[in-house]
Each structure stands twice: as structure tokens, then as C-alpha cells.
Amino acid sequence: MGQTINSIRGMHDILPADIGAWHLLEDTIRQTMPSYGYNEIRTPIVEKTDLFCRSIGEVTDIVEKEMYTFPDRNGDSLSLRPENTASCVRAGIEHGLLHNSIQKLWYMGPMFRHERPQKGRYRQFHQFGAEVFGVSGPSIEAELILLSARLWKSLGINDLLKLEINTLGDTEDRTRYRDGLVQYFERYKEDLDQESLSRLERNPLRILDSKNPNMQEMIEGAPSLIDMVSDGSRSHFDLLQEVLAKNGITYTLNSRLVRGLDYYSHTVFEWVSTALGAQGTACAGGRYDGLVPQLGGRPSPGAGWASGVERVLLLIEHARGKIHSPAPHAYLVVGGQKSNIAGALAIAERLHDDAHGFRLDTDCTGGSVKAQFKRADKSGAKIAIVIGEEEIAQDSVSIKFLREDKPQETVAVQDASSTLKALFGL
Ligand code: ATP
Ligand code: MG
């Protein structure tokens, strides 16, 4: 036997035993997004590397350290997408979706970052997110937050998540703030760690994002952007808070929230949880008015958020325990000769035709009836449908109740679908 091959570190199979929670989350997203007028967009997993360098920013952890980048056969530099906002903007510009129109989009799919794998942090992970283009007031940021809050409620995890918000002001506010921050941290140059020292020169705001515990006291003492923003930026932020308060959304102001990407302005927010260990952020987003022109499009305001599927699934398990996929309604046991399988399959097909949503697991092994009933029991099905010579001859099926003390019934195939529909509420 050859050596076995395992999956790549940090990239995981999602096995049938775990798929129940994924389906629950995906179904909830598919229902909720259109109920707010958001349409799904699917973009390629691979893009030109330049797209992410120009959008996320050259001086970010993602672009500097985490991207899966490789040359295409013709020499072009390609990257597996580390996030999906840039791709949405690219697609919007490329297909003329953003000019003079409002777009409300959502997506879901795998993302890739070469990080150190740990609980809640993987190299292939999944995100779902929402992006809106063409709306500049704070109400759309509020709607995006309300939409996420509704998802948490539908999933039964709203008690586990807390909202933190901040404003990054406009470009001028940030330039002023940047200077103030540099002045402040210059005074502590001796105490800065290596990462923060390099950020001090290239992107001082990012120092506030540091996870180093030794840096926290210094960060606490740094000036706050909110104290420096213009009147216009402040009233934008005030209005957002007003809408949140009106809708019963509680939040805390976190003046250290800056987000790891370069493209944000005005509102930024995160949904955080103490139930996730060190990887506490389940969802993050904000406004990014500069991104569309930065990627070559005619200016169009943008705002959105992205949420980590695996982290949300941890919260669902925390709140609700394991979510199981539904068992089959019925297990088809083929009686008598092996050759009866053909006739049994033909009847099974008619049941599939007539009873929409009926979950029937057919035993195609041709094994002993005893072994088939063992598998029927293990399948979790409520009933076994038995089809042997007699049933085939009479065009009928026998229904045997596996979990209830009820006598076996034989029904004509043409009546079987209504019996099954009644039995399983289909
Ligand atoms: P973190 O601070 O945890 O590294 P981030 O700021 O890099 O997060 P974003 O780029 O804002 O994360 O991505 C949005 C969300 O995607 C995060 O809040 C998180 O839930 C999820 N996420 C990001 N990176 C990973 C990863 N490597 N594995 C699993 N989920 C992730
Ligand atoms: Mg990260």
C-alpha cells in the first residue's frame, strides 16, 4: 500500500457528521439576506495579486505575511483570496454595477490566509458577508449592523455576542490623528515591540491593533481619534448611534478599534464574544468610501462586513450543542431474491417522483434482510419500506415501523405517497 496523503495544515475537511450546523447557518443566511434586499454574488477564488495589494494595503499583515501567492503559468502573480470585499468591488467596477446605482450584495465562501492554525483560526476558512455600494449616510451602516444582529438572533447566539463600534473619521481626520499618534508613540520608542516599531513608520494606527499584552498600557494612554474628528464626521457617527439605540441594539464605544485593513473610514465595528477564546471577533466591518476609486472605479461609497463561519459555528455549538443533519425518513429494505433490487428501485423512483422532500435511503447491497434491517435501525429512519416479490407483483410497499409499536401496513404504490406525506408532514 502507498503512503496516505493528508490535507494541508490548517485546511480542514467538513465531514458529514458536522455538516448539520453548516447547513443551518447557510440556510439562515440564504433566507435572511434577500429579506433585506441583498443579492448574492459569487466571485472567483483566485484573483490577480495586485487587487489585494491595492485594496487591503501593502503594509498589512494579510498582504505582507498571510497571502497564498503564486505565479500563473504565464508568469502573472495570482493569489487565493484572503477576503472578499476587494473581489466584490472589482466585479462591481468590471460589470458596471456601481455607477449611479445602489447595490446590496452578499456572499459566502472559502478564504485563505497563511496564519498559525489554532482554534478559530485556519488557513482555509469561510466567510459570509454583506456589502453595499452607493449609499453614503450612516443609516446604511446601521442597516448592515441590524442585518447581522438579526442573523445572530435567528441562529440563537445573540446572547453570546457584543457589539463594539468606533469612528475612523474622514481622510483628513485620520491624517491629523496619525501625526498625533506618531508624536505619542515616539515618546515610548524604547518600549515598543518590533512589530509596533515598524508600524510606527509605516502605519501607526495599526499599533492600536497590537495583541501584545505588554503594549496594552501604552495603547490605553494613546490619544483617541474620536476626540479629534471634524463636526461632519462626528454627526455621522452620532446619527448611526441614534438609529442603533432606536432599534434596541446595545453597543460599546471602543476607541482602539481600528481594523486590520487600510480601506476603512468613518464607522468601524466588530461583534465580539468571550466564548471564542483568543479569537474573539466573529464579525467585523465598516465604511470604505475610498475603496472603489482606489481600484479604478468612479467614486461610489461602500460599506459592509464579513463574518467568520467557523467562529459563528463555535458559538452555535456553545449555545445549542451539536446540530445533527436530519436522518432519512425511511430506509428501503429489499426482500427475497437479489434480482428484486431492480423492481424495488423502480418503485423507489416513483416515491421520489410523488413525495417531494421525502428522504428515502435505499439498501442496494443485496445482502440478507437481517443485515438490511440492522442498517435500517442504524440509519435513524422512522420506518422501513420493505419491497420483495409479493410487493413487486402487487405494485405495493410494506411499511414497518422501526421506533413505534405499530402493526406493519401494506399500501398500493399509487397511495403510498399520500401515506408518507401524512406520516412525515411533507
Ligand atoms: P483576527 O483579528 O481574528 O485576525 P481579522 O481582523 O484578520 O481577524 P477580518 O479580515 O476582519 O479578520 O475578517 C473578518 C472575520 O473573518 C473575522 O472577524 C473572523 O471571524 C474571520 N477570520 C479572519 N481570519 C480568520 C482565520 N484565519 N480563520 C478563521 N476565521 C477567520
Ligand atoms: Mg487576522
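Trainee: What makes H1 and H11 a contact in this predicted model?

Mentor: Named residues meet. Ala21, Trp22, Leu24 and Leu25 in H1 meet Val309, Glu310, Val312, Leu313, Ile316 and Arg320 in H11. Contact means heavy atoms within 4.5 Å.

Trainee: How many residues of that contact are nonpolar, polar or charged?

Mentor: The contact of H1 with H11 has 8 nonpolar residues, no polar ones and 2 charged. Glu and Arg count as charged, so Glu310 and Arg320 of H11 are the charged ones.

Trainee: Why is H1 called roughly perpendicular to H11?

Mentor: Take the angle. The axes of H1 (residues 19-35) and H11 (residues 309-320) come within 10 Å and cross at roughly 110 degrees. Angles of 65 to 115 degrees count as roughly perpendicular. Therefore H1 is roughly perpendicular to H11.

Trainee: Now a single residue. Why is Thr85 called buried?

Mentor: Thr85 has 5% relative accessibility. Buried means under 20%. So Thr85 counts as buried.

Trainee: Where is Thr85 found, and what does Thr85 touch?

Mentor: Thr85 is in helix H4 (residues 85-94). Leaving out residues up to four places away in sequence, Thr85 touches Glu131, Tyr263, Tyr288 and Leu291.

Trainee: What makes the link between the side chains of Thr85 and Glu83 a polar contact?

Mentor: The distance is 3.4 Å. The cut-off is N or O atoms within 3.5 Å, with one able to donate a hydrogen and the other to accept it. So the Thr85 and Glu83 side chains are joined by a polar contact.

Trainee: On to strands. How do you know that S11 is mostly covered?

Mentor: Count the buried residues. In S11 (residues 302-308), 7 of 7 are buried. Both faces are covered. Gly302, Gly304, Ala306 and Gly308 are on one side, with Ala303, Trp305 and Ser307 on the other.

Trainee: What makes S6 and S11 a pair?

Mentor: Two strands pair if there are at least two bridges between them. S6 (residues 124-133) and S11 have 7 bridges, in the antiparallel sense. So S6 and S11 pair. Phe133 has Gly302 in S11 as its bridge partner. S10 (residues 281-287) also joins S11, through 5 bridges, and runs antiparallel to S11. There, Gly285 stands opposite Trp305.

Trainee: Why are S1 and S8 called edge strands?

Mentor: Follow the order of the open sheet: S1-S5-S6-S11-S10-S9-S7-S8. The sheet has 8 strands, with mixed pairing. S1 (39-40) and S8 (251-253) each pair on one side only, and they are the edge strands.

Note on methods: Residues numbered from 1 in each chain as written. Chains lettered and ligands numbered in written order. Predicted model: local features only at pLDDT ≥ 70, side-chain atom pairs only at ≥ 80, totals over all residues. Heavy atoms only, no water. Axes fitted to C-alpha atoms, helices over the stretch in contact; angles between N-to-C directions. Helix = DSSP H or I, 4+ residues; strand = E, 2+ residues; numbered from the N terminus. Parallel < 35°, antiparallel > 145°, perpendicular 65-115°, else oblique. Buried < 20%, exposed > 50% of the residue type's maximum accessible area, 1.4 Å probe, protein only.
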